[in-house]
Amino acid sequence: MLPYPSWLNPGDNAWQLTAATLVGLMSLPGIAILYGGLVQRKWAVNTMLMAFSGFSLVLLAWVLWVYKMGFGSPLKLGPGILGAFVGIPGAVIGHLGEQGQAHIPLLDGAMPKFRFPQATLVYFQFVFAAITPLLFLGSVVGRVNFRVWLLFVPLWSTLAYSVNAFLLWGGGWWAQQGALDYSGGYVIHLAAGTTGFTAAAVIGPRLARDRARATPNNLLLVAAGAGILWLGWNGFNGGDPYFSGADAVAAVLNTNLATATALLGWLVLDLFAGPQRKPTFLGAINGMISGLVAITPAAGYVNGLGAILIGLIATVFVWLSWNKLAKLSLFKRVDDALGVFHTHGVAGLTGGLLVGLFADPHMIVYLGQGKTAGFSAAGLFYGNPKQLAVQAGAALTVIVWDALITFLILRFLGLFLKLRMPDELLETGDLAVHDEEGYPTEALVSSGAAGIPAETPAADREPAADHGDRPAGPA
Amino acid sequence: VSLLLITAIVQPARLEAVTEALAALGAPGVTVTRLLGHSLDELSVEIYRGRQVTSSLLPRVRLDVVVPAEDAADLIHAIRRAAQPDPGDARVWTAPVDQLVRVRTGERGIDAL
């Protein structure tokens, strides 16, 4: 007997599954506790539950129809970009779908043959698809109707994420034009920033009182979540060559270089130009995320110096966006609760455009062999100005498409459901929506069901403002 | 013997000094409560992610101790000394105690101290 077929390479397969798991950890618990700690105390449970349920929803949609829309055969919708816009939907839950050799039809000949099974590729790409809604969750926390969230996530994955992924990674039209997105600066982060901002505008703001007092509830959990994000990013960018070779390692080191530079850059900006001239922890975390996001589209295409420069430029741009652009009236009107527009949208766009400048043709992604050329990319500073134009075009496509789809899905759901929770639920938060709270106080609750008749459905009760009247367990 | 309730509201940072001073004068058992004092003169300012949040509610601690009336003057003096420095809103006051009963034994008055 043999453990695996001859096309399978255990080193590549092991790294790919490890990288996928690292990226999964960025969502659970990474984003769940980062956002769970950043929101007001009364929204910790709601935020974490949206993260866990969003992750689950994307997985089912992914294996049943969305994966093939991102990485399958093209759906011929028309000429030009329409012929390579999205893939034909299909399931990957059969034995061949899981154990057969991974294969992206439009990338045949453009990259080496995969050395792991399709289940590895499906799961690796799933964790990217899953973290994207969790990122834009940060824009709509503290007011979005939970039922709307449960419907919006699979619809958005189907209509928006599939297109982003197909255009840039599935061999679609922008990939054919040479657009570069190493690990999702556009597919994930620009998409999350665009979607979050649009959704925040359509759904409406939090309570004015909550916006004015948006105090985080646990900075230690924020530290844990942010640390998992940083180190998890080794899988995010290190997994995207699909082979555990030299470019994977370079991508990991470049990711860390850009991130450290961006974190320190934000710290220095806060120290010398911030409102209070004091270094802040949450500012440093914003810098860290800006660096991680900006290096994502570039990680294995640039050299170490390019990575440091990308981290530095991104942190300055996002800092200016966060502290100056956010003062403009449009940004005050739209309640992007955790600032996803800046740390993901602006950072992703900055990184995506900077690949067009810093991509170094000596950074080899795939080696050439015989008459077949290898693969690397050159930016404007290496004599290829066209790359910058292609990067701008791909960015514009993602921005326009994702904003449009987000607007349409929400307007459609708005026909049947209230997109925003009613004010009386918003005033109480977690206890009104889930009958749970982030920091329950044992001493102030009584056991049993005193005060609440067992047959009364939860939805019929008044939102409880007084925690002391609540029973400890289910009625 | 008549009893008095001494109540002091002080800065949280002075709590240890005040309880030590009370213990040194023979009043080891003190009830301590965390509370917020409302002030129109002083604001607490915190910055989260570039956004400023201010509050006119400032953290303070409250100490309650029942003592024989004749000791009160010395104890108030000790509390005042131990609670310095103070921005100005710390207070000490007394109130008469009509009854004092120890729950476990049923002892009353000064025996219950």
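**Cavities and a sheet in a predicted model**

The second largest cavity is lined by A:Phe136, A:Val140, A:Val144, A:Val148, A:Trp149, A:Phe152, A:Ala199, A:Ile203 and A:Leu410. By cavity I mean a set of points, on a 1 Å grid over the protein atoms alone, where a 1.4 Å probe fits but cannot get out; lining residues have an atom within 4 Å of a point.

This is a predicted model, in which local features need pLDDT of at least 70 and side-chain atom pairs count only at pLDDT 80 or more, while totals for chains, interfaces and linings use all residues. Residues are numbered from 1 along each chain as its sequence is written, chains are lettered from A and ligands numbered from 1 in the order in which they are written, and side-chain values use heavy atoms, without hydrogens and water.

Returning to that cavity, its lining has 9 nonpolar, no polar and no charged residues, with Ala, Val, Leu, Ile, Met, Phe, Trp, Tyr, Cys and Pro counted as nonpolar, Asp, Glu, Lys and Arg as charged, and the others, Gly among them, as polar. The most comes from α5(A), with 3 residues; helices (H or I, at least four residues) and strands (E, at least two) are DSSP runs, numbered from the N terminus.

In the largest cavity, the lining has 7 nonpolar, 4 polar and 1 charged residues. Among its lining residues are A:Tyr35, A:His344 and B:Arg49.

I turn to chain B. Its open sheet of 4 strands has the order β2-β5-β1-β6, with antiparallel pairing; two strands pair if DSSP finds at least two bridges between them. The edge strands are β2 (31–38) and β6 (91–97) of chain B. Between β1 (residues 3–10) and β6(B) there are 7 bridges, and B:Leu5 stands opposite B:Ala95.

How values were computed:
On a 1 Å grid over the protein atoms alone, a cavity is a set of points where a 1.4 Å probe fits but cannot get out, and a pocket is an open set with protein on both sides within 12 Å along at least five of seven lines; lining residues have an atom within 4 Å of a point.
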